[in-house]
Every structure is written in structure tokens, then in C-alpha cells.
Amino acid sequence: MEFFLISLLNGVSYGLLLFMLSSGLTLIFSMMGVLNFAHASFYMLGAYFAYQISVKFGFWPALLMAPLVVGVLGALVERFMLRRVHKFGHVPELLLTFGLAYLIEEFVHLIWGRSSLDYKVPTEMDGPLFTLYTTTFPMYRGFMMLVAVLMLLAIFLVLTRTRIGLVIQASLTHPDTVEALGHNVPRVFMLVFGGGCALAGLAGVIGGNAFVTEPGMAAAVGSIVFVVAVVGGMGSLAGAFVASLLIGVIQTFAVAMDYSFVTLLKSAGFVITPDTFLYSLWKLTIAQTAPILPYLFLVLILIFRPRGLMGTREG
Amino acid sequence: MAQGAQKIVFRPLNLARCIIWSGFALLLLVLPLFFNKGFALTLMCQIGTIMIFSLSFNMLLGQSGMLSLGHAVYSGLGAYFAIHMLNLIGKGWLFPVSLLPLVGGLAGALFGVLFGYVTTKKSGTPFAMITLGIGELVFAMSLMFPEFFGGEGGVSSNRIAGEPLFGFITFGPQIQVYYLVAVWLFICTAAMYAFTHTPLGRIANAVRDNPERVEFIGYETQRVRYLVLIISGFFAGIAGGLGAINFEIVSSENVSAIRSGTVLLFTFIGGVPFFFGPMIGAVIFGFFIVVLATITKAWLLYLGLFFVMMVMYCPGGIATLIMMQFPIVKAGRFREIFPSYCLAVAAGLTLLAALVFAVEMIYHLSLEAAAGTTKAFFGYDVEVASATPWLGVALLSGIGAVLFVAARRGISTHWDRIMGDIIRSQTA
């Protein structure tokens with residue numbers, strides 16, 4: 001029971017972090033049709049900026065400023081780079097963000113070096129939140145969950161309760177009509193792109209010190225975020241939420257489980273020795289397969305439900 | 001052309017095509033006479049392998065509009081099968097080493113059948129994401145099954161195995177490997193070019209341009225994509241097999257996302273719209289990976305910048321830049337625009353110099369800070385911490401910018417005038 005609850009909490013907090021990343025990706029994709037390959041790179045930039053700001057001013061200003069800086073950067077990228085290739089179609093846009101991911105990683109090398117940074121959890125958060133049976137749950141994890149939930153709430157309110165949110169929603173499906181009504185749709189795109197990048201930056205600020213801030217952090221999380229977006233259904237925020245939690249929980253549980261077919265079959269009465277056919281397959285523990293589970297999940301979803309968990313269209 | 005007036009001319013040989021292909025064969029044949037150093041030979045073997053790989057990649061991206069982010073899966077798995085076969089030959093199996101790429105190709109096609117079934121269900125951006133997922137899946141698996149993939153160290157082998165071909169070709173010396181690569185490169189290039197002219201190759205172009213209309217005339221786009229992917233996987237596997245012979249080691253890096261990203265970058269830089277574009281890309285690959293990477297640590301940054309610039313300003317790649325000059329050369333007016341091109345090159349070189357100085361100095365400050373603040377540039381010691389070199393960089397960028405503006409104006413006025421004349425003369 002203790003294992004179950006703690007793993008669940010860890011899984012949910014990891015899943016919420018994934019959601020902070022995938023929500024921006026999904027918003028950008030559903031609006032502009034652009035798969036932002038550099039999304040995880042903006043997450044990394046968020047962590048690095050937060051480190052730089054927290055060294056000077058402390059963690060709390062960084063929590064506010066770093067996402068803003070990343071958001072402005074994202075808006076500039078949309079305005080001066082993406083908009084230029086927009087006329088060539090979606091594949092060049094994807095390629096541009098692909099190249100951008102390379103560039104951002106190299107800029108991080110250039111400025112902060114290749115080793116990991118000493119970006120720490122703020123001291124006032126550096127303690128246990130509560131103790132469950134015998135395991136303590138760190139306060140910072142709770143804070144991460146709180147920020148993610150607040151962000152979810154904020155996105156929801158902005159999209160459904162404000163004027164700009166309504167324009168955004170309308171531009172999703174009917175950009176031409178919205179433009180005809182006198183709204184500046186390209187500027188809305190720029191805002192959404194900047195906003196999505198800012199969300200990734202925020203995830204970086206709170207994820208960078210919870211995990212590790214290093215040049216490889218973008219690549220480590222990047223492809224998982226894409227899996228989340230596809231599994232949830234391309235362009236569906238609710239789907240991204242469900243898929244993030246699902247993948248977060250699955251992966252956290254899998255890492256901690258040390259069972260394999262050998263143990264399963266042994267309890268059923270069969271004996272498997274190293275000489276058995278395909279022994280290398282049977283002896284794999286669930287923990288060992290954890291890295292491929294999200295991708296396996298992706299393949300299964302594509303075979304049995306191609307539009308994703310909550311997607312509305314087959315892309 | 002009036003109806004019925006068209007005379008049917010029987011032309012058994014396309015002269016231009018004959019010249020190009022025999023020229024290509026001749027070039028492959030004589031290159032080692034000029035570059036016979038061990039390093040150059042290895043480099044050419046590598047470039048030849050990458051040429052096949054990127055041509056197979058362009059079958060997807062350029063000819064069928066499928067952006068694959070996991071193409072290394074096919075070449076890498078092909079390489080694994082080839083190297084296991086090579087090990088079996090070493091143990092006494094009767095199979096010629098020279099046909100080893102075929103084993104890789106068959107393995108690549110087999111996995112194309114397997115993975116393609118899932119990936120080609122979608123097109124466009126979702127296809128890209130799914131191939132990325134498949135790539136990650138295979139890469140993660142390569143670390144899970146050390147029995148087949150050799151774990152961290154990979155699988156190594158010895159290419160001097162089995163009976164020598166014609167009694168003396170053992171593939172021990174690099175020059176023999178070069179000619180093996182050259183023969184396979186020629187065959188594969190010819191085969192892939194021929195493929196573009198088959199009905200399947202043509203309908204693949206149509207699927208790229210307008211999938212909806214293809215569905216209307218009765219073709220299933222998904223099946224077209226599937227078939228093209230299998231064939232492309234076959235050629236990628238051949239490239240993988242050749243790489244296995246060349247390096248005698250295959251590791252999980254061969255199936256990694258880095259490898260897939262590399263082939264994408266260089267194919268695009270070379271030029272996606274033209275068949276021969278990826279071959280130019282492969283040569284540039286040789287320059288970047290082998291030459292530049294040994295000189296500077298910042299080569300990935302230069303590569304990324306180069307790529308982003310190409311995407312933004314020249315999405316057709318270098319092949320398109322070359323082909324754009326054709327009408328002008330044909331009209332005999334290249335001389336008019338040539339000075340502007342020279343100016344553009346000068347501007348580009350100046351800006352490049354400024355960029356390189358700035359980047360190398362920043363790298364020196366951030367990564368080699370322990371070695372002091374002086375950096376050696378082409379034999380000169382530069383004091384990185386002082387203001388002088390930075391002023392130099394600013395000056396260079398200023399000059400470069402002025403030159404660039406001038407060159408751009410010159411090119412655009414000349415270009416518009418010449419093209420206008422050409423179009424007028426054609427319609428007149």
C-alpha cells in the first residue's frame with residue numbers, strides 16, 4: 001500500500017510536469033499545425049534562465065521572470081523565423097524547429113558549458129511535506145503539482161472565459177472568418193506560440209531543479225512529450241492531460257517493479273533456465289522495459305485507436 | 001503544337017543521360033587515383049555509404065512527402081544483420097562478403113514491412129512523430145537485448161572472412177572496400193533513379209503533391225506510402241550493410257535518433273526537390289563530420305545555423321541553387337550576374353569570419369577557461385578577454401552587412417531583368 005501510494009503520487013507529479021510541457025505543444029499544434037520540435041529546448045532554456053536569475057535574485061523572481069523571457073523568445077522565433085517559412089508548408093516549419101532544437105542545445109553548450117548546473121530547490125521548499133507510513137513526500141514535489149494544477153486552471157479560464165481566449169478558440173477552427181471579423185490572426189499565432197513556449201519555460205523552471213539541469217535534458221524529455229501529444233490525440237488539451245498522467249504513472253510504476261516472465265511463470269509452476277528458447281526476452285524485468293513503455297503505448301494506440309485517446313480527427 | 005503534326009522520333013539513347021551516368025561511373029573509378037591516402041579513402045567510403053542512405057531517405061521526403069525522423073532504424077538494423085552474417089561467414093558459412101549489403105537491405109526491407117505497417121497509416125506531421133517514436137523504441141530496445149545488439153560496446157567483426165573474391169579480393173585493404181562501396185553506390189543510385197520513373201515512383205510524387213486527388217483516381221495512398229517505405233528501407237539497409245563492412249563494428253548509435261537527424265539535415269541541405277540533391281548533401285556531410293569536427297568543437301552550432309539558414313532562405317537546398325542558374329547559363333547571360341555573385345560570396349565569407357571569431361572566442365571563454373584567455377587563431381595568439389578582438393568582430397560584421405546589402409540588390413536587379421528577358425523571348 002505504501003509503495004502504491006508513493007508511486008502514484010510520484011507518477012502524478014511527473015505526469016503533471018509532462019502535461020505542462022505537452023499543453024504548450026498541443027496548443028501550438030492545434031492552432032498553427034506546427035509541431036514544435038524545439039519545445040523541449042524551450043523547457044531547457046527555462047531551467048537555464050531560472051538558474052541564472054536565481055543566482056542573482058533568488059528562486060521566486062526566477063519563477064516569474066524565466067517563463068516570461070522564454071515566452072518572448074518564442075514569440076520572436078514565431079515572428080521572425082516561423083512566419084517566414086509558413087508559406088512553404090508544414091514540413092519546412094517542422095524542419096525549422098528541428099534545426100532550432102540543435103541550435104538551442106549548442107547555444108546552451110556555448111554559454112553554460114557541457115556539464116550539469118547546480119540549480120537547487122529553494123531552501124524554504126527543501127523539506128518533507130508529509131510522511132506516508134515510512135516514506136516522506138518532498139515538499140517541492142507538492143509545489144510542482146500545485147503549480148501544474150494552477151496552470152491548468154489558468155489555461156482553462158483564459159481559453160473559455162476571456163475575450164482573447166474566445167478569439168484563440170475561433171482561430172483554431174475558422175482562421176479566415178476570424179480574420180474577416182477584424183482580428184489579427186498572425187498576431188494571435190505569435191501570442192499562442194510565445195505562450196506555449198512560456199508554459200514550457202515554466203515547466204523548465206520547476207522541473208530543472210527537481211531533476212537535473214544539463215544540456216541533455218531537452219533530448220531526455222522531448223520525445224516523451226511527442227508521445228503524449230499523439231497518445232492524447234493531436235491537438236486535444238484534455239487528451240494531453242489524460243495521456244500525461246497515464247504515461248507518468250505507468251513509467252513511475254514500471255521503474256519500481258522487478259518482475260519478469262521468469263517470476264510469473266515460476267509462480268505458475270514452470271521453470272525457466274538460461275537455456276530456454278528466447279531466454280533474453282523472458283528474463284527482462286518490467287523495470288528494464290520502462291524506457292520503451294511509452295513508445296510501445298504509442299504504437300498500440302496507433303494500431304487500435306489512430307486518433308488518440310481524445311482526438312477528434314484522424315490526422 | 002498543331003494536332004497530328006507531332007513527328008515521332010525514335011531516340012534509342014538519351015545522350016545527356018549516357019554522358020552523366022558514364023561520367024559518374026568514371027568519377028567513382030578514378031577518384032582513388034587522386035585521393036589515395038588512407039584517411040581520404042575512409043572518408044570517401046563513408047560518403048558513398050551516406051549517399052545511398054540519404055538517397056533512400058529522399059525517396060520518402062523528397063519523392064513521397066514523408067518526413068521520417070527515424071530512418072536510421074532501417075539502416076541500423078540492416079547493419080546489425082549484416083555484421084552478424086559477417087561473423088557467421090567468419091565461422092565458415094558460405095556467403096560472399098561482397099553481397100553482404102544485400103543481407104542488410106533485406107533486413108531493412110523486412111523491418112520496413114513491419115514498422116511501415118504502423119507508421120504509414122498517417123502522413124504529414126503525425127507520420128513524423130510516429131517514426132520518431134519507432135526510432136526511440138528501437139533505440140531503447142537495442143540496449144535491452146545485449147545478446148543481439150551487443151550492449152554498449154556494439155557488435156564487432158572482421159571483414160576478412162570467407163573465400164576471397166576472384167582469388168585476391170579479401171576486403172582487407174581499404175581500396176578494395178572503396179571499390180565495393182563504389183559498385184554498390186552506382187547500382188543503388190541507378191536503381192533508385194529508375195524507381196522514380198516507375199508507375200509507383202510517379203504515383204508517389206502524386207501522393208506527395210495531392211493525396212486527395214490520388215484517392216479519387218482510385219489509388220490507396222496508404223498502400224503507396226507503405227510500398228515506398230519498404231523499398232526505401234531496403235536501400236537504407238544496403239547502406240547499413242556497407243557501413244558494417246567499412247567500420248567492422250555496429251553499435252546502438254547506428255539506430256539512434258542522432259543518426260536519423262543527421263541524414264535529415266544533410267539530405268535537406270543537399271536539396272530535396274532533385275534526385276541528386278542528397279548526393280551533394282552527403283559530400284557536405286563528409287566536410288562537416290570529418291573535417292570540421294576535427295577542427296572545432298562548435299561544429300554542431302555551425303551545422304545548426306547552416307541548416308536553419310537553408311530552411312529559411314533556400315528551402316530547395318544547394319541542388320536548387322545550382323539548378324536555378326541553368327536557364328541563365330543556357331541563355332548565355334551568366335556573365336552579367338557573376339560579379340554580384342562574387343560580391344555575395346565576399347559578403348558571406350566576411351560575415352562567416354565574424355561569426356566564427358565570435359563563436360570560437362565565446363567557446364574558449366566558456367569551455368577552455370582553465371587554459372587562460374589567449375586563443376590561437378591560425379597561428380596568432382588572440383587575447384580573448386580584451387576588447388580589441390571583439391571590436392574586430394564588430395567591424396567585420398559591419399563590412400559584411402554592407403557588402404551583403406549591395407550584393408542582394410545587385411543579384412535581384414540582374415536576376416529580374418535576365419529572367420524577364422528569358423520569359424519574354426520564350427513567349428514571343
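I began at Gly233(A), which follows helix H9(A) and has a positive phi, near 110°. Before going on I noted that this is a predicted model, in which local features need pLDDT of at least 70 and side-chain atom pairs count only at pLDDT 80 or more, while totals for chains, interfaces and linings use all residues. Residues are numbered from 1 along each chain as its sequence is written, and chains are lettered from A, with ligands numbered from 1, in the order in which they are written.

I then looked up H9 of chain A (residues 217-232), whose 16 residues reach 23 Å from first C-alpha to last, close to the 22 Å expected at 1.5 Å a residue, the expected span being 1.5 Å times one less than the number of residues. Helices here are DSSP runs (H or I, at least four residues) numbered from the N terminus. Of the 16 residues in H9(A), 14 are buried (20 or more other C-beta atoms within 10 Å of the residue's own, C-beta atoms being placed from the backbone).

Next I turned to the two chains, where 38 residues of chain A are in contact with 34 residues of chain B (C-beta atoms, placed from the backbone, within 7 Å). On the chain A side, the elements giving two or more residues include H3 (59-85), H4 (90-112) and H9, and the largest share, 13 residues, comes from H4(A).

Last, I checked chain B, where the domain assignment gives domain 1 (31-323) and domain 2 (332-427), with bounds from an automatic or database assignment. Their contact takes 4 residues from domain 1 of chain B and 4 residues from domain 2 of chain B.

Note on methods: Buried ≥ 20, exposed ≤ 12 C-beta atoms within 10 Å, placed from the backbone.
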